[in-house]
Amino acid sequence: MTERYYSGIKDILSAIGLIKQWLTRNKALLITMTAILLFNIATHYQNLARHNILIFDEWYHAKFAWNYLNGVPFFDIHPPLGKLMIAWGIWINHLNPFSPDIFTVDTFTDRSGYNPDFIVNTWGARWLTALFGVILPFVMGIFSYSWTADKRLMVVITIISSCDGLMLAESRLSLINIFLVVFGFASLSSFIWWSNPKLSSQRWLLWMGGMLMGCCISIKFNGLGYLGTLITIYALFFITNRLKLSSWHIPTLKDIGLFIFLIPIAIYIGLWMIHFEFNRDDLITVHRQIWEGNQHLAQMWKETPEKENAYCSRWWAWFWLQRPIAYFFQSSPTHYTAIYAISNPLLHYLSSLMVGIFPIFLYIDTYDLLTLRFCLHFRKEELMMVYGLLIGWSANYLPWALVGRCLYLYHYTASLYFSIVLISYLIYRFIFCQQLLLRFIGCSLLFLIPLAFMYWLPIFIGIPTPHSNYDQLFLFQSWR
């Protein structure tokens, strides 16, 4: 017994020693990541409850979450998890003694779904989405690390992902797209990490990947784009392994059936079962209603295009940021206060450019040209990552061409971060390139992207802006 006791103490001390060694070796990484974390906390939680009204689709999502907590039946055209998470956030916030006593009520008396009984703590309805917004850049860093096992690339991508305004604006409101993107990329990261021969291939990663994929699909149906991305990436791994061009781990057919299909389906159905505790429906009926609801919307926009929302946009227009969405606007004699769903324009245009350029690089496949002119000597895992990013962008973007209903820029969020990783990867290669000009370009972009983020920050989070400065934030008339 005594020997076992001392053996346990030795194991604990050994583990502590290993942790200390890791902390010593990665001190710079930890300091950098801590600084990024504090920056994200500041941007996501600053005056989170300032605008205590239902903004844009909060009128649906926050109210549906309130319905769950109060046992009020309702119908929605999306799966239930996003609203359930907002409801859990509201419930957990009741235990928070420091929560601001700021409340939101339903002021839209002219709408058919007006509920005079609705009242919810504004901070409580938004803190969880804001937390997922804080987490997102780190998920993107882990996503890149799962491909390349490169810590420097992970840091660059985490920094640049922290400078996107679209998901910042979304995550500071009780909207559900932030859950979709975080769950989607976290699932892909788990599966790719398991498949990377340079990293640990522990089985729990497959379990976690399957559960996260189920959560992703349970937010919105376009989460299936991430499932399509994963399946296509594994097909790519299989082909390159057969050609002896790579050695990625590939799940067996049994594991594919379990982790990529059965577990996500079980999670999806299980979450609907929770929903049915509050709404006396069944799985077949509710999906038929969702299908009919979406068909009705598409038909309505087709027959009466004049009823389109002023901020509707076409799928092909997202690429060049033609039509952002004004979520909130308030005027005073000296200032305008606005919240816009708009990407960091510099980052958006650069990432869109990368989606157009990288396929050309891969198509011409002139290795010497890439090496000599662009300092892009792809390692195998990096080349696979580029293919994977293009697959992910296409799988989550192109299906929108088939949708006939009114669409908005936020529908691009599932694709946007694939292109952000592409431009981040190019900047990273430039920064650590031997050619001074390219190194200067890379360092300049790494400085200018956060600078552009700070310039447009007032319309990302609703900071009052003087009239004269406000007009300078809109480069094109279509942005207003």
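## Helix α9

Helix α9 covers residues 204-217 and reaches 20 Å from its first C-alpha to its last. Helices are DSSP runs of H or I with at least four residues, and strands are runs of E with at least two, both numbered from the N terminus.

## Basis of the model

The model is predicted: local features need pLDDT of at least 70 and side-chain atom pairs count only at pLDDT 80 or more, while totals for chains, interfaces and linings use all residues. Residues are numbered from 1 along each chain as its sequence is written, and side-chain values use heavy atoms, leaving out hydrogens and water.

## Nonpolar cores

A nonpolar core is a set of buried Ala, Val, Leu, Ile, Met, Phe, Trp, Tyr and Cys residues joined through side-chain atoms within 4.5 Å. The largest has 142 residues, and Phe143, Phe179, Phe183, Tyr226 and Ile459 touch the most other members. Helix α16 (residues 413-431) gives the most to this core, with 14 residues.

Leaving aside residues up to four places away in sequence, Phe183 touches Leu81, Met85, Phe132, Leu212, Cys215, Cys216 and Ile219. Another core, of 8 residues, lies apart from the largest one and includes Leu29, Met33, Phe138 and Leu199.

Conventions
The expected span of a helix is 1.5 Å times one less than its number of residues. Buried means under 20% relative accessible area, exposed over 50%, partly exposed in between (1.4 Å probe, protein chains only). Contact means heavy atoms within 4.5 Å.
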